[in-house]
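Visitor: I have a model open on my screen and would like to learn how to read it. Could you walk me through it, one feature at a time?
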Number of protein chains: 2
Amino acid sequence: MTTAEGHPGEGRPLGEHELDRLDAYWRAANYLSVGQIYLMDNPLLTEPLRPEHVKPRLLGHWGTTPGLTFVLAHLNRVIAERDLSVLSVLGPGHGGPAALATAWLDRTYGEVYPEAGRDAEGMRALFRRFSFPGGAPSHVAPETPGSIHEGGELGYSLAHAYGAAFDNPDLVVACVVGDGEAETGPLAASWHSTKFLDPARDGAVLPILHLNGYKIANPAVLARIGDRELRALLEGYGHRVHLVSGDEPSAMHRAMAAELDLALDEIAAIQHAARSGTLTDRPQWPVIVLRSPKGWTGPKVVDGVPVEGTWRSHQVPLSGVREDPERLAQLEAWLRSYRPEELFDAHGHPTELIDELVPEGERRLSATPYANGGLLRADLRLPDFREFAVDVPAPGATTAEATRVLGRWLREVVRANPHTFRLFGPDETASNRLDAVLEATDRAWMAGRLPTDEHLGRAGRVMEVLSEHLCQGWLEGYLLTGRHGLFSCYEAFIHIVDSMFNQHAKWLKVSRALPWRRPISSLNYLLTSHVWRQDHNGFSHQDPGFLDHVVNKKAEVVRVYLPPDANTLLSVVDHCLRSRDYVNVVVAGKQPAPNWLSMPEAIAHCTRGVGLFEWASTDSGHEPDVVLACAGDVPTLETLAATKILRAELPELAVRVVNVVDLMRLQPPSEHPHGMPDSEFDALFTPDRPIVFAFHGYPWLIHRLAYRRRGHANLHVRGYIEEGTTTTPFDMVMLNNLDRFHLVMDVIDRVPGLAVRAAHLRQRMADERLRCRAHTREFGEDPAHITGWSWDGGGRPGHEP
Amino acid sequence: MTTAEGHPGEGRPLGEHELDRLDAYWRAANYLSVGQIYLMDNPLLTEPLRPEHVKPRLLGHWGTTPGLTFVLAHLNRVIAERDLSVLSVLGPGHGGPAALATAWLDRTYGEVYPEAGRDAEGMRALFRRFSFPGGAPSHVAPETPGSIHEGGELGYSLAHAYGAAFDNPDLVVACVVGDGEAETGPLAASWHSTKFLDPARDGAVLPILHLNGYKIANPAVLARIGDRELRALLEGYGHRVHLVSGDEPSAMHRAMAAELDLALDEIAAIQHAARSGTLTDRPQWPVIVLRSPKGWTGPKVVDGVPVEGTWRSHQVPLSGVREDPERLAQLEAWLRSYRPEELFDAHGHPTELIDELVPEGERRLSATPYANGGLLRADLRLPDFREFAVDVPAPGATTAEATRVLGRWLREVVRANPHTFRLFGPDETASNRLDAVLEATDRAWMAGRLPTDEHLGRAGRVMEVLSEHLCQGWLEGYLLTGRHGLFSCYEAFIHIVDSMFNQHAKWLKVSRALPWRRPISSLNYLLTSHVWRQDHNGFSHQDPGFLDHVVNKKAEVVRVYLPPDANTLLSVVDHCLRSRDYVNVVVAGKQPAPNWLSMPEAIAHCTRGVGLFEWASTDSGHEPDVVLACAGDVPTLETLAATKILRAELPELAVRVVNVVDLMRLQPPSEHPHGMPDSEFDALFTPDRPIVFAFHGYPWLIHRLAYRRRGHANLHVRGYIEEGTTTTPFDMVMLNNLDRFHLVMDVIDRVPGLAVRAAHLRQRMADERLRCRAHTREFGEDPAHITGWSWDGGGRPGHEP
């Protein structure tokens with residue numbers, strides 16, 4: 001492999017000066033990358049390299065870096081030449097030095113971190129900061145100017161790139177996909193994003209598949225399937241392939257420049273056709289395949305074994321440099337091979353040759369506002385959600401499908417924000433009863449259509465693909481570039497993106513501490529088709545554990561809401577869509593269910609986050625005998641049904657009903673900004689009365705949140721205990737002891753004195769459970785007194801029944 | 001779309017009788033499927049259909065079902081004709097009725113559920129059980145004979161299929177991939193499994209991509225990209241494409257039979273060449289693409305809108321059947337369109353024509369032992385792990401890399417079990433220091449090779465691909481068909497398979513209650529490169545939350561182990577590899593670390609799961625002033641370092657050191673079978689002394705497990721609080737207040753009287769922290785007194801120091 005293959009002769013040939021410039025820039029970026037990995041002093045090699053110039057801990061990933069610097073150099077060329085807005089997404093984000101070298105060279109690094117400007121001292125600071133305690137991470141990360149992408153966990157680069165391109169018609173997102181990352185599922189699925197990108201209204205994504213052949217210790221699949229299969233694969237994804245392959249720098253520069261020009265010409269032609277209305281078929285978007293050696297330009301051989309071009313250059317190709325003079329000499333020779341004296345003047349300033357390649361202002365790869373979306377973000381125009389309220393003359397007097405009500409409001413949100421708001425979901429918008437939005441827009445769809453199809457369109461604002469990974473990745477990219485969105489998902493399957501949530505929450509946590517990163521819109525999840533109403537789909541669809549997962553992340557970032565009915569759902573989602581830099585998780589049902597609160601009450605309740613249902617309580621504002629607490633729509637229903645039984649059967653019992661919307665309020669204020677003080681907790685839940693808490697999720701989450709509270713020893717939580725199957729809705733709550741009858745039994749078991757006094761009632765409740773179970777097994781449906789149940793417990797809001 | 005396309009003329013043409021047989025079988029399976037969804041009585045339509053014959057809740061997914069029955073019918077033909085062992089994996093597992101119809105027809109259903117045998121009463125039971133409380137799930141599931149696959153969460157069918165095929169040279173796994181599922185990331189990645197399947201030693205996977213065009217409410221991408229791109233895509237995956245397309249049944253039967261014969265001939269040819277040593281290149285395995293209408297043979301039009309061939313047939317195409325006589329008549333007509341009188345005799349027995357197609361004994365799709373892997377499972381031959389012990393003359397006297405020690409034993413496990421044990425990991429076997437296994441075997445690799453590659457081979461037992469989804473899916477398939485394995489993974493990235501773990505844990509929970517399902521080997525995770533030693537990779541690689549995720553699942557299924565050193569790791573993994581029907585999670589470091597326990601002590605400690613480190617304690621067996629508890633290797637190290645400081649500085653303080661290996665022991669026995677009684681907990685941890693607990697993971701997990709204990713109010717837990725970056729190892733523990741100095745401060749803050757008496761020491765500790773931090777920031781490495789620290793605290797095991 002000594003020459004470069006491309007389309008020789010096609011595209012505009014590269015002039016000698018342009019070649020020199022590209023190569024100088026590339027050498028400079030490589031020099032700066034090696035320097036970051038190895039040096040803590042003597043950055044310009046103004047004196048012979050000594051052990052104390054070298055970092056004691058050598059960290060970083062060299063292998064992928066020279067390929068990235070190569071791509072970035074070429075992107076700089078076309079930005080300047082074509083006056084393009086380019087956002088780079090570096091999938092092989094382990095190659096952090098490449099991005100930092102770029103940022104240093106284009107001055108952004110010094111603007112953001114003033115101690116690391118473009119001179120010798122700044123270069124020393126750049127080197128020292130890299131992978132150094134208190135400094136810069138070794139991967140691309142929030143701290144990396146120009147990046148919307150964390151390079152640690154592989155798989156999401158291409159989805160991020162598409163998310164960034166949506167609704168940004170003037171943007172080209174150049175996305176480097178590593179051959180390691182290409183083996184992951186999320187990345188493999190992302191190629192089909194071509195069917196969801198509108199060439200008229202969206203920007204372009206130019207994937208650059210970088211085949212350097214190896215992962216940590218293994219060859220990469222796509223690097224070893226041969227050009228024929230690889231080409232077929234990429235064409236199967238809907239791409240037109242541009243191959244650049246080799247290792248001789250000047251030939252590679254020429255080939256890359258030619259193919260990049262061709263690719264950008266193709267993009268321009270596609271966009272022109274689409275925007276002038278002459279595009280009929282789905283376009284074949286270009287993809288560049290770059291085959292270059294792993295650890296290109298690094299040490300060829302170390303201790304007699306080949307390093308350049310093998311997996312051995314994945315991390316630090318030369319180790320033990322401080323201890324071994326021979327290695328030290330090899331490092332110095334490697335650094336000097338880039339001829340730094342041609343690249344930087346005596347003060348460490350990059351030479352003019354290099355600066356000619358660096359774009360200006362916001363065109364700079366590291367300074368593009370697209371990579372700091374908060375700069376571009378504008379608040380959503382939100383229609384008044386109160387106008388979409390359902391009428392609630394009395395608690396439980398009307399019913400609604402909460403998500404259907406929300407859908408009507410979201411329809412208007414879509415209408416009011418035609419370029420900055422999208423709805424994401426795995427083929428579930430209608431199933432989740434948000435289909436009112438389809439009155440205002442379509443599902444985005446660029447693939448083939450049939451006459452029987454409905455609500456498909458190029459410019460659709462609803463993004464549906466049966467991949468939670470894609471939904472999440474697109475949405476992240478969309479948010480990180482300054483827009484807004486909502487991801488609606490079956491509750492159980494949101495676990496598919498647990499790790500993506502992790503990475504986004506970590507991104508937000510770090511970003512919040514960086515003054516130059518502007519706040520972005522929150523990542524909003526609407527989890528519906530939830531655990532309690534997946535009775536028809538069965539056990540595999542029953543898992544409320546995402547809440548547990550979420551609360552492990554930094555309290556300043558995560559919010560969890562469990563609105564008990566339609567009006568509270570409206571209020572909560574309105575709040576979430578206004579917020580910034582959070583992850584909001586909202587859990588709400590889609591099945592017909594009673595409305596408890598009028599809109600004014602809903603707003604007041606959601607504002608407090610937790611509060612009494614006075615109209616359901618019988619403690620007359622005094623100390624209750626027992627607190628029935630609930631969080632979530634189904635638990636609220638069962639709690640109120642239990643309350644009604646208690647009211648009828650044990651009228652002298654003082655029951656207080658507390659409903660929790662904002663789960664984080666249960667924590668102490670020391671743990672979460674929403675946490676309520678102990679005094680407030682005690683006032684609501686009492687410090688000493690039994691609390692029977694009906695919870696939407698796994699019961700121990702409530703214990704975890706409340707274990708420091710005085711009344712914790714009296715807290716008894718019912719929730720999902722991982723029992724389920726295909727059955728009826730009421731059988732589901734019975735299977736998990738969350739049903740009204742069991743809650744009454746729990747009260748009897750816990751209120752002192754009731755065990756004897758209410759023994760008969762307890763037995764009746766147990767019998768009721770058996771009867772319901774038997775009925776269900778016989779007839780395949782819940783008994784009429786369950787399905788036909790209504791509150792009728794009186795209680796105009798704010799009044800005693 | 002009225003005829004079938006295939007390779008007319010190629011393959012053996014189908015005789016008329018064979019065609020009749022196939023079609024009769026297909027109609028019978030369709031009839032039985034519709035019956036399952038709709039009927040609770042009158043199964044043979046011996047009387048006109050009345051509302052009370054119809055289920056009150058209509059549940060199930062019709063859309064995919066007729067395609068599945070079509071495939072299953074054709075599989076039956078080739079099984080009988082070629083005497084094949086076929087395992088079917090149904091990716092569109094929502095089509096549960098198809099699998100149950102097959103099981104009923106091939107008699108397995110009645111063998112497993114005797115009330116549902118092959119007569120009218122049994123048919124009624126089959127119908128009633130389906131999606132009925134107490135009955136059969138609507139998807140393929142553990143309860144479905146013949147399935148190793150849960151059909152609820154989409155994405156894993158093909159990975160399961162490959163896992164089943166590994167080391168089963170005589171097996172053909174026919175895997176139906178739905179066009180919805182094909183959009184998911186894990187499925188998209190799975191196609192490349194062709195590069196990991198050895199045609200000589202493994203069986204074959206025949207993917208059948210079923211394009212019925214729609215998901216829940218949307219078209220499917222692969223159904224709408226046209227044949228040219230689709231063919232390119234599949235060829236890019238390494239396949240040879242066989243297309244069967246149409247809707248006219250007899251033409252479709254002919255085409256399917258022909259293409260299936262061709263595909264099986266190709267498989268036979270590939271295997272023959274590989275097994276006779278004449279295969280040189282990677283083979284092009286066949287794939288069948290089946291284009292058929294969604295809801296094929298179902299209602300064509302309902303209320304004037306098309307249903308067959310559209311997404312409207314996804315679930316229940318006719319609703320309101322009980323209430324609407326017209327709908328009822330339409331249902332009856334639909335059922336009768338299959339001409340049940342030709343398919344079943346008056347007693348409900350399938351006719352001879354159908355039985356001719358049903359294979360015998362273990363060849364039956366529903367009775368194959370490959371789908372009930374416990375039947376085939378043999379215990380591993382495990383070399384004596386004690387022979388691989390590291391020498392520990394005194395606690396902390398030697399050091400080892402725990403996973404490297406384990407690797408030597410695993411090498412012998414591989415050698416002793418050359419056909420039934422594999423190691424899975426995303427390119428991390430060497431990185432995770434298990435590379436001794438590569439002395440005994442290779443990494444499986446069927447793609448191209450270069451001279452610089454190492455340890456690649458067709459018959460390798462190490463499965464490395466940069467997809468946690470594939471590792472998990474392959475391993476699940478391998479275990480479910482009766483074999484053994486271990487998945488080693490970076491701790492943070494195991495979250496990528498959170499949802500797959502969920503589904504497997506649910507599978508195990510359900511399977512354990514089914515007497516006919518035999519126990520399979522446990523799913524063993526080795527999580528290494530863990531949160532505390534990802535200082536070089538930074539924040540994205542720091543997440544210990546999989547433990548929290550795991551403990552949400554049923555206690556009878558999950559086990560979590562945190563061995564503190566090399567010998568305990570050996571003992572724990574030996575235990576895990578012997579176990580059945582669990583998910584075992586083992587967390588262990590790969591970095592050099594002190595050895596604390598000799599092998600006899602390690603075995604004793606692991607057997608108890610939790611125990612005193614008497615040699616480190618200074619309570620002389622009496623009541624301590626404080627308990628220092630720890631779980632995990634790094635927390636154990638920091639705890640012992642804190643102990644050493646306390647011993648020197650506060651020699652009069654009675655300190656007890658408790659180490660937890662088996663995390664589940666912290667729970668009460670009512671919550672987990674490993675839970676220890678309160679008496680034992682109190683004896684170890686005391687009911688009233690301060691407990692400073694240094695934990696590997698998020699601290700609240702310990703609270704969650706122990707909140708019911710008497711001493712809980714005295715429990716103070718340090719762990720990972722989501723603080724991290726690229727830094728040094730000791731800085732990482734300091735960032736999260738888990739370091740030795742902070743633990744000493746915690747002791748001082750919590751032991752009554754010490755706050756004053758040890759105020760000076762507390763200040764010194766705080767200063768130490770500042771000094772360490774400053775040193776790290778200055779020099780980029782931990783101070784020498786940290787890196788050079790050793791226990792030297794005396795204490796031959798079992799003796800007071």
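Visitor: Let me begin with a charge and a ring: which charged end sits over the ring of A:Y214?

Guide: Good place to start, and please keep in mind that this is a predicted model. The charged end of A:R224 sits over that ring, 5.3 Å from the centre of A:Y214.

Visitor: Are A:Y214 and A:W311 buried or exposed?

Guide: Both A:Y214 and A:W311 are buried. A:W596 belongs to the loop between strand 17 and helix 18 of chain A, while A:W615 belongs to the loop between strand 18 and strand 19 of chain A, 19 residues apart. A:W596 and A:W615 are buried too. Rings can also join up in groups: A:F166, A:F196, A:W445 and A:W474 are linked by ring pairs into a cluster.

Visitor: Let me turn to charges. What do the side chains of B:E308 and B:K300 form?

Guide: They meet in a salt bridge, at 2.8 Å from N to O, and the structure holds 126 salt bridges over all chains. B:E308 counts as buried because its relative accessibility is 18% and the cut-off for buried is under 20%. B:K300 has a relative accessible area of 54%, so it is exposed.

Visitor: Which parts of the chain does the salt bridge of B:R764 and B:E649 link?

Guide: B:R764 is in helix 25 of chain B and B:E649 is in helix 19 of chain B, 115 residues apart. Their side chains meet at 3.0 Å, N to O. Both ends are partly exposed: B:R764 has a relative accessible area of 34%, and B:E649 has 33% relative accessibility. Salt bridges can share partners as well, and in this way A:R77, A:E81, A:R82, A:D261 and A:D265 are joined into one network.

Visitor: Last, the two chains. How many residues does each chain give to the contact?

Guide: Chain A and chain B each give 119 residues. Together they bury about 9700 Å², 54% of it on carbon and sulfur atoms. Across this interface there are 18 salt bridges, including one between A:E229 and B:R282, whose closest N and O atoms are 2.9 Å apart. Polar contacts number 68 residue pairs between chain B and chain A, counting pairs with both residues at pLDDT 80 or more.

Visitor: Which helix of chain B gives the most to the side that touches chain A?

Guide: Helix 15 of chain B does, with seven residues. Other helices of chain B that each supply at least two residues there include helix 7, helix 8 and helix 25.

Technical notes: Residues are numbered from 1 along each chain as its sequence is written. Chains are lettered from A and ligands numbered from 1 in the order in which they are written. This is a predicted model: local features need pLDDT of at least 70, side-chain atom pairs count only at pLDDT 80 or more; totals for chains, interfaces and linings use all residues. Side-chain values use heavy atoms; hydrogens and water are left out. Buried means under 20% relative accessible area, exposed over 50%, partly exposed in between (1.4 Å probe, protein chains only). Helices (H or I, at least four residues) and strands (E, at least two) are DSSP runs, numbered from the N terminus. Rings of Phe, Tyr and Trp (its six-membered ring) pair if their centres lie within 6.5 Å; planes under 30 degrees apart count as stacked, over 60 as edge-to-face and the rest as tilted. A charge sits over a ring if NZ of Lys or CZ of Arg is within 6 Å of the ring centre and within 35 degrees of the ring normal. A salt bridge is a side-chain nitrogen of Lys or Arg within 4 Å of a carboxyl oxygen of Asp or Glu. Contact means heavy atoms within 4.5 Å. Buried area is the accessible area (1.4 Å probe) that two parts lose on being put together, summed over both. A polar contact is a pair of N or O atoms within 3.5 Å; within protein, one must be able to donate a hydrogen and the other to accept it, and residues adjacent in sequence count only if both atoms are side-chain atoms.
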